[in-house]
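Subject: Structure for you to look at

Hello,

Here is the structure I said I would pass on. Please open it beside this message and follow along.

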Amino acid sequence: MFPEKPVWIWKGNPEFVLLQLVGLILFFYYAFRISAYFTHRYELIQMHRKRLDRLAFKAGCNQIERSLLQTFYNQLDRRHRVLLAHNHAKEYLRAHLLQFVSHLDKEEERTFLSLVAKFLGTARVKSPIFGIREFVLVHWGRESCLAQVVDPGVGEVRIRFSPTKRNGGPPSQTKVTVFREPKGFLSIQGSVEMESPSTFYFHPHEKREPSE
């Protein structure tokens with residue numbers, strides 16, 4: 001009634017058929033795992049992006065500033081995205097943003113300056129402007145570049161900038177712009193003493209002027 005040999009779905013060598021079945025099972029297993037991995041990673045990226053946007057919104061950043069922050073977030077690797085979106089966001093901004101700002105367009109520099117001041121909580125600080133670490137916009141004659149205050153002070157401030165944004169020596173007199181609410185952008189005249197191709201000492205003058 002029943003055949004002596006089993007009937008196989010596929011004709012051919014039974015060992016090869018079993019190998020095909022095992023290969024098919026492994027294919028679907030790893031396809032599922034890879035799909036789950038990328039789905040989970042996408043969800044984490046979206047979650048971190050939304051969290052970062054909420055932090056920027058609470059800090060008083062407008063839509064243009066928040067959009068620029070998201071642009072910065074998108075070019076980070078996975079580990080740095082987590083750092084930026086969670087507890088170490090401010091320290092990460094202070095430590096690593098200088099490399100990013102060297103690639104900003106000219107029209108984005110002021111937006112970035114106000115964004116960082118609001119996000120790091122320096123926009124409403126009432127202490128002397130150079131009493132804390134922050135980002136500033138340095139005007140070299142007709143040129144300008146974003147830079148970072150690394151050694152705050154009153155009579156002398158050490159500022160670091162990206163060498164790719166500045167070629168040649170600085171003029172003897174220059175101007176540094178900061179962002180403070182509610183006054184907005186403030187420019188401070190001062191003299192410059194170069195320390196290295198990427199750092200200089202800025203000696204601010206007493207007179208300050210609003211920046212247009």
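Below are my notes, going from the whole chain to single residues.

Please keep in mind that this is a predicted model.

The whole chain

The chain has 212 residues, and 38% of them count as buried. Its secondary structure consists of five helices and six strands. The order along the sequence is α-α-α-α-α-β-β-β-β-β-β. If you take the contacts between residues at least 6 apart in sequence, 54% of them join residues at least 24 apart.

UniProt, in an unreviewed entry, lists residues 16–39 as "transmembrane region". In the model this stretch is 100% helix and 0% strand. Its end C-alpha atoms lie 34 Å apart.

Helix 2

Helix 2 covers residues 63–74, which is 12 residues.

At the start of helix 2, look at asparagine 62: one of its side-chain oxygens comes to within 3.2 Å of the backbone nitrogen of isoleucine 64. The buried residues of helix 2 are Glu65, Arg66, Leu68, Leu69, Gln70, Phe72 and Tyr73.

Helix 1 against helix 2

Helix 1 runs over residues 14–58. How do the two helices pass each other, in a left-handed or a right-handed crossing? Helix 1 passes helix 2 in a right-handed crossing. Their axes come within 10 Å and cross at roughly 145°.

On the helix 1 side, the residues that meet helix 2 are Leu44, Ile45, His48, Arg49, Leu52, Asp53, Ala56 and Phe57. On the helix 2 side they are Arg66, Leu69, Gln70, Tyr73 and Asn74. Of these, Arg66, Leu69, Gln70 and Tyr73 are also among the buried residues of helix 2.

Histidine 139

The last item is histidine 139, which sits in strand 1 (residues 135–140). Is histidine 139 buried or exposed? Its relative accessibility is 15%, and buried means under 20%, so histidine 139 counts as buried.

The side chain of histidine 139 makes a polar contact of 2.7 Å with the side chain of threonine 177. Setting aside neighbours within four places in sequence, histidine 139 is in contact with Ser144, Thr174, Lys175 and Thr177.

Regards

Note on methods. Residues are numbered from 1 along each chain as its sequence is written. This is a predicted model: local features need pLDDT of at least 70, side-chain atom pairs count only at pLDDT 80 or more; totals for chains, interfaces and linings use all residues. Side-chain values use heavy atoms; hydrogens and water are left out. Helices (H or I, at least four residues) and strands (E, at least two) are DSSP runs, numbered from the N terminus. The expected span of a helix is 1.5 Å times one less than its number of residues. Buried means under 20% relative accessible area, exposed over 50%, partly exposed in between (1.4 Å probe, protein chains only). A polar contact is a pair of N or O atoms within 3.5 Å; within protein, one must be able to donate a hydrogen and the other to accept it, and residues adjacent in sequence count only if both atoms are side-chain atoms. UniProt positions are given in the numbering used here, feature names are shortened, and annotations may be inferred rather than shown by experiment. Axes are lines fitted to C-alpha atoms, for helices over the stretch in contact, and angles run from 0 to 180 degrees between N-to-C directions. A crossing is left-handed if the near helix is turned anticlockwise from the far one by less than a right angle, and right-handed if clockwise. Contact means heavy atoms within 4.5 Å.
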